[in-house]
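Please look through the sequence and the model below.

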Amino acid sequence: RVSSVEATAACIAQGEAFGAELNCIAHWEPEAALVAAALADAVLQRGDSIGPLHGVPLAHKDLFARGGLPVTAASPAFEDYRPSETAAVLRHFDAAGAVTLGALQLSELAMSPTGYSEWVGHGINPWNPDHVPGGSSFGSGAAVATHICFAALGTDTAGSVRLPATLCGLAGLKPTNGRIDSAGCLPLAQSLDSIGPLARSVEDCALLQYIADGSVTDAASAEQKLAALRTPLDGLRIGLPGEYFFNGLDPEVAALVDACIAEFRDLGVTVVDVAVPDMHAINRCAQTVFLYEAQALHGAGLAAHPERYGQQVRDRLRAAKECTAQAYQTAMAQRQALQQAFIDTAMAEVDLLLTPAVLAPTPTIAETTRGKFEQVSRHIDRMRHCVRPFNFLGLPCLSVPGGFTEGMLPNGFQLVGRADADELLLRAGYGYQQVTGWHKAVPPLAR
């Protein structure tokens, strides 16, 4: 009904209309995209075999290598970087027939959970320009929400897919650690990083995930995998980890989460309270691993060319010098035991967990960049509180739109599964979206 050229031209028009306003586009390749779309249409007209993303225009976070094109990570430290090879995950998308529109903006070196970047400017929330879009994959969140592209890849080291998905009204998946090949993706903290999709529906998120991890290679296998999402949820058991994850929850967000839980109960899901182990010990180890691995990756560049790094990034990397190799080795040695303790405590009698995605309504850009240090830190901590432990634990998480706060800004919830339970997460999120319509909302400026 719609040709690839028509769909691609529509996305290009949206990008030209809103890309600069939202500060969400890093590199744009409209001419090349239209050529690829025309070729996709020609293949279809010949009746040749097509892939599950045939002719679909996509764009991705500016961390993924595309042979011969720049990859900047929103940082002067990579201004001269021109990879010769294409990232493994993009090769999967190419084989599936996707059309590439370009690359999407991010926080410098993927370090800010709000969408701040000293070099490219702050990301803008498409629902209200005064508010943060969530980071670090803010370009992916804003572009997908405003129909600049149909879906996008981001990366998630401590919530960087789930936060922009939540604050921009999208589904966002952090897969089980290591599920998607990271070759050709610029890392931040390699043992915590995950590549994951952002899309307007859980079903689209699932399709991108299955193509990205190699479990889907053609249209037939894609339909078979997506059909499994439609399995009813009755009999599923979901746990509510009240300790830590619900402590300090803002009443507005609490009301939304309660309504989401009620929808699951109506779908036949059993919802029970569960306990969690010492989350502070998990977070301390996660912070140690993050700092040490980020410093190992960027420390030499910072020492040689400090002028190429923004002040926020310089401060974080310099603080990381205090993280010793012994502390890192101790944290890594404790990782498996902490992972098992979490599963044994929180998930012994349930299939999934449900938590808030963020503890409070979306803060403003001013609240997260100006004012007293303690106040700024509080806003940022309330954003990442629920999402950051799971990269260290290696568990898959899915953020799902669950309504709007009083300021008409999206919010939602997070589902968490055991390792390699990504499909179950997606099935639960899909079931929820069949009886709700939050994922169909479009920001006013894109209507």
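Two strands count as paired if DSSP finds at least two bridges between them. Helices (H or I, at least four residues) and strands (E, at least two) are DSSP runs, numbered from the N terminus. The model is predicted, with local features needing pLDDT of at least 70 and side-chain atom pairs counting only at pLDDT 80 or more, while totals for chains, interfaces and linings use all residues. Residues are numbered from 1 along each chain as its sequence is written, and side-chain values use heavy atoms, with hydrogens and water left out.

An open sheet contains 8 strands in the order β4-β6-β5-β10-β11-β9-β7-β8, and its pairing is mixed. Because β4 (151–156) and β8 (270–274) stand at the edges with a single partner strand each, one side of each has no neighbour in the sheet. Within the sheet, β9 (residues 352–356) pairs with β11 (residues 410–417) in the antiparallel sense over 5 bridges. Proline 356 has phenylalanine 413 in β11 as its bridge partner.

Helix α2 (residues 30–46) has 17 residues. Which residues of α2 are buried? Buried means under 20% relative accessible area and exposed over 50%, with partly exposed in between (1.4 Å probe, protein chains only). Pro30, Ala33, Ala37, Ala40 and Asp41 are buried in α2. They cover an arc of only 100° around the axis, which puts them on the same side of α2; the arc is that of the directions from the helix axis to the C-beta atoms. Glu31, Val35, Leu39 and Arg46, on the other side of α2, are exposed. After α2 comes glycine 47, with a positive phi near 80°.

Key. The expected span of a helix is 1.5 Å times one less than its number of residues.
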